[in-house]
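Trainee: I have a structure open and would like to learn how to read its features. Could you walk me through it?

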Amino acid sequence: MKITRTNAIDKYHIVLEPGDELHRDCMWADFSLDNESYTISVVSDSGNFAYRWGPSKNESFKNLMSRIGSEYLLNKFADRTELDLKETIKKLKEYVDYHVESRKEKRSINKYLENLRVYSVGELIQEINDYCGDARIRERWAYESIVMDYPIQARVISQFFVKYLQPVLRGEVGLDGGMV
């Protein structure tokens, strides 16, 4: 067995003050940047995340991390696995406006949608199957209108990174620059 020790990891421990806008979603986070393996690891009270890029001869890992955007990092940390009910209802209403001719039926469906409270795609499909008797509308309506989003924990950590750690990294590498 061979064990190698490295000094190439920079660790940043961040604790938020109670008045900070992200404090209720994440009070603390430990970010570890492995400058040899191009790996970021996050342990926090909002969840744990990690991602590894391929090393580059043209750019240091810290430089890369100092310029990436929140959405880019979010896409590396998570997949879109959560139902975005607000956007899904918006798309469902657009579908109804285009495909349903009766004003009375449109009003009825839109009122139903405004009161819809589901937390998963399965619940959404079940509700629509129970509500809408027309199979032609029911299947296309639901499946074509579903909007998925990233888990809130991953979104919070990517915002946390950009707001608090990235300015420190920019100072360390001497960048004011733009985002990827």
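Mentor: Gladly; let's begin with one arginine. Arg155 counts as buried because its relative accessibility is 18%; buried means under 20% relative accessible area, exposed over 50%, and partly exposed in between, with a 1.4 Å probe and protein chains only. Keep in mind that this is a predicted model, where local features need pLDDT of at least 70, side-chain atom pairs count only at pLDDT 80 or more, and totals for chains, interfaces and linings use all residues. Residues are numbered from 1 along each chain as its sequence is written, and side-chain values use heavy atoms, with hydrogens and water left out.

Trainee: With which residue does Arg155 form a salt bridge?

Mentor: The general idea is that side chains of opposite charge can pair when their charged atoms come close. Here a salt bridge is a side-chain nitrogen of Lys or Arg within 4 Å of a carboxyl oxygen of Asp or Glu. Arg155 pairs with Glu71, and their closest N and O atoms are 3.0 Å apart. That joins distant parts of the chain, with Arg155 in helix H7 and Glu71 in helix H2 (residues 70-77), 84 residues apart. Helices (H or I, at least four residues) and strands (E, at least two) are DSSP runs, numbered from the N terminus. Glu71 has a relative accessible area of 43%, so this residue is partly exposed.

Trainee: Which residues are linked with Arg155 in a network of salt bridges?

Mentor: The network links Arg155 with Glu71, Arg80 and Asp149. Across the whole structure, a search finds ten salt bridges. One of them joins Lys163 and Asp20, with the closest N and O atoms 4.0 Å apart. Lys163 lies in helix H7 (residues 152-173), while Asp20 sits in the loop between strand S1 (9-15) and strand S2 (28-34), 143 residues away. Lys163 is partly exposed, because its relative accessibility is 36%.

Trainee: How should I read a nonpolar core?

Mentor: In soluble globular proteins, nonpolar side chains tend to be buried together. A nonpolar core is a set of buried Ala, Val, Leu, Ile, Met, Phe, Trp, Tyr and Cys residues joined through side-chain atoms within 4.5 Å. The largest one here has 30 residues, and Phe31, Ile40, Met65, Phe160 and Phe161 have the most contacts inside it. S1, S2, S3, helix H1 (61-67), H2 and H7 each give two or more residues to this core, with H7 giving the most, eight residues. Leaving out residues up to four places away in sequence, Phe161 touches Phe31, Ile40, Met65, Ile68, Leu73, Gln166 and Leu169; contact means heavy atoms within 4.5 Å. There is also a second, separate core of 16 residues, which includes Leu92, Val118, Cys132 and Trp141.

Trainee: Now a helix. Which residues of helix H5 are buried?

Mentor: Helix H5 (residues 121-131) has Leu124, Ile125 and Ile128 buried. Seen down the axis of H5, its buried residues fall within an arc of 95°, so they line one face of the helix. That arc is taken from the directions from the helix axis to the C-beta atoms.

Trainee: One last residue, please. Is Ser44 buried or exposed?

Mentor: Ser44 is buried, because its relative accessibility is 9%. Ser44 belongs to strand S3 (residues 39-44). Beyond its neighbours within four places in sequence, Ser44 is in contact with Cys26, Trp28, Ala29 and Ile157.
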